[in-house]
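Work through the exercises below with the structure in view. Try each task before reading its solution.

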Amino acid sequence: MTIDLDAYLARIGWSGERRPSLDVLRSVHRAHLTGIPFENLDPVLGTAPSLALSALEAKLVRGGRGGYCYEHNTLFAAALTALGFRVTLLAARVLVGARPGDVRPRTHMLMLADVPGEPVPYVTDVGFGSIGCLIEPVPLTAGTETHVAPRRHRLVQAPHDGPLTLWKLQAHGAETDGWDDQYSFTVEPFEAPDYEVVNWHIATNPRSPFSRGVYAQRTTDTAHRALAGRRLTETYADGTRKARELADPAEVLAVLREDFGIRLPDGTVLPE
């Protein structure tokens with residue numbers, strides 16, 4: 001099955017010349033990130049989301065929903081492929097919130113996109129549920145800082161015991177005043193069955209944070225909204241933040257609908 005590219009591009013509000021250029025990669029990446037929210041409501045409601053392209057189109061493109069990394073990046077990879085890019089799927093260890101010495105599994109999906117005429121591929125990721133997420137892709141080059149207002153990112157190489165280079169994505173000021181690690185990865189290719197396994201684990205393991213509480217993110221041109229449980233945080237372009245606690249699951253549903261643009265079926269009840 002191939003993606004319904006017309007419907008996808010309409011969903012993210014993008015129009016332009018459909019060709020594999022750096023300008024297209026950057027603008028479609030930004031349009032997807034700002035057009036489709038991050039959310040984990042299927043696992044919270046007791047189901048593992050399907051990663052079949054038809055299911056992703058029904059949910060994220062036509063259904064007024066968002067998803068988490070496997071859903072977003074599977075859909076985005078199909079769109080990039082349809083636009084003529086060559087995509088390599090990767091997996092990363094999330095470092096946000098990790099303590100020194102922690103070794104987390106590779107549970108985050110991202111990709112490399114090859115751009116004709118560019119000397120290096122671009123790290124491309126529209127599904128990272130954090131304020132440190134990429135607004136636009138970044139070249140796979142060590143130490144080069146990119147600034148896409150209001151965020152700054154860089155890739156650094158880190159020592160490790162494996163045969164492949166270990167890369168870390170860092171965001172400046174995501175949680176502190178310095179460079180904050182977001183995730184680490186190598187360029188070993190992953191395939192769809194790899195994500196099926198980890199998707200099932202993340203959605204159904206009772207110890208997984210994504211099966212136990214609501215997480216939603218929405219990036220706009222002026223702010224970043226994050227919902228964790230009942231705590232809603234808005235971070236503005238100047239770095240200021242506003243946070244409040246929501247009263248109950250009914251208010252959570254209202255905020256998901258009104259502030260994140262997530263349409264859930266009538267009668268949906270979130271767990272307390």
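The expected span of a helix is 1.5 Å times one less than its number of residues. The model used here is predicted.

**Exercise 1. Check helix H2 (residues 22-35): what span does it reach, and what span is expected?**

Step 1. Helix H2 has 14 residues.
Step 2. At 1.5 Å a residue, 20 Å is expected.
Step 3. From its first C-alpha to its last, H2 reaches 20 Å, close to that expected value.

**Exercise 2. Find which residues of H2 are buried, and name elements that cover them.**

Step 1. Buried means under 20% relative accessible area.
Step 2. In H2, the buried residues are Leu22, Val24, Leu25, Val28, His29, Ala31, His32, Leu33 and Gly35.
Step 3. Their cover includes helix H1 (5-12), H5, S3, strand S4 (122-124) and S10.

**Exercise 3. Do likewise for helix H8 (residues 249-258).**

Step 1. Pro249, Val252, Leu253, Ala254, Val255 and Leu256 are the buried residues of H8.
Step 2. These buried residues pack against helix H3 (41-44), S10, S11, S12 and S13.

**Exercise 4. Describe the largest pocket: its space, its lining and the make-up of that lining.**

Step 1. The largest pocket holds about 1,000 Å³ of space.
Step 2. Its lining has 35 residues; Val94, Val96, Gly129, Phe210 and Tyr215 lie nearest the centre.
Step 3. Sort the lining residues: 17 are nonpolar, 13 polar and five charged.
Step 4. Elements that each supply at least two lining residues include helix H5 (69-82), strand S3 (106-114) and helix H6 (192-204). S11 gives the largest share, four residues.

**Exercise 5. Classify the ring pairs that Phe210 makes with Phe38 and with Tyr215.**

Step 1. The structure holds seven aromatic pairs.
Step 2. Phe38 and Phe210 have ring centres 6.2 Å apart and planes at 55 degrees, so this pair is tilted.
Step 3. The pair links distant parts of the chain: Phe38 is in strand S1 (residues 38-39), Phe210 in helix H7, 172 residues apart.
Step 4. Phe38 is buried, at 8% relative accessible area, whereas Phe210 is partly exposed at 23%.
Step 5. Phe210 and Tyr215 are 5.6 Å centre to centre, with 70 degrees between the planes; the pair is edge-to-face. Tyr215 is partly exposed, at 29% relative accessibility.
Step 6. Ring pairs join Phe38, Tyr68, Tyr70, Phe210 and Tyr215 into a cluster.

**Exercise 6. Where does Pro150 lie, and is the peptide bond from Ala149 to Pro150 cis or trans?**

Step 1. Pro150 sits in the loop between strand S6 (145-148) and strand S7 (151-158).
Step 2. For the bond from Ala149 to Pro150, omega is near 5 degrees: cis.

How values were computed
Residues are numbered from 1 along each chain as its sequence is written. This is a predicted model: local features need pLDDT of at least 70, side-chain atom pairs count only at pLDDT 80 or more; totals for chains, interfaces and linings use all residues. Side-chain values use heavy atoms; hydrogens and water are left out. On a 1 Å grid over the protein atoms alone, a cavity is a set of points where a 1.4 Å probe fits but cannot get out, and a pocket is an open set with protein on both sides within 12 Å along at least five of seven lines; lining residues have an atom within 4 Å of a point. Grid points are joined across faces, edges and corners, and a volume is the space filled by probe spheres set on the points. Ala, Val, Leu, Ile, Met, Phe, Trp, Tyr, Cys and Pro count as nonpolar, Asp, Glu, Lys and Arg as charged, and the others, Gly among them, as polar. Buried means under 20% relative accessible area, exposed over 50%, partly exposed in between (1.4 Å probe, protein chains only). Contact means heavy atoms within 4.5 Å. Rings of Phe, Tyr and Trp (its six-membered ring) pair if their centres lie within 6.5 Å; planes under 30 degrees apart count as stacked, over 60 as edge-to-face and the rest as tilted.
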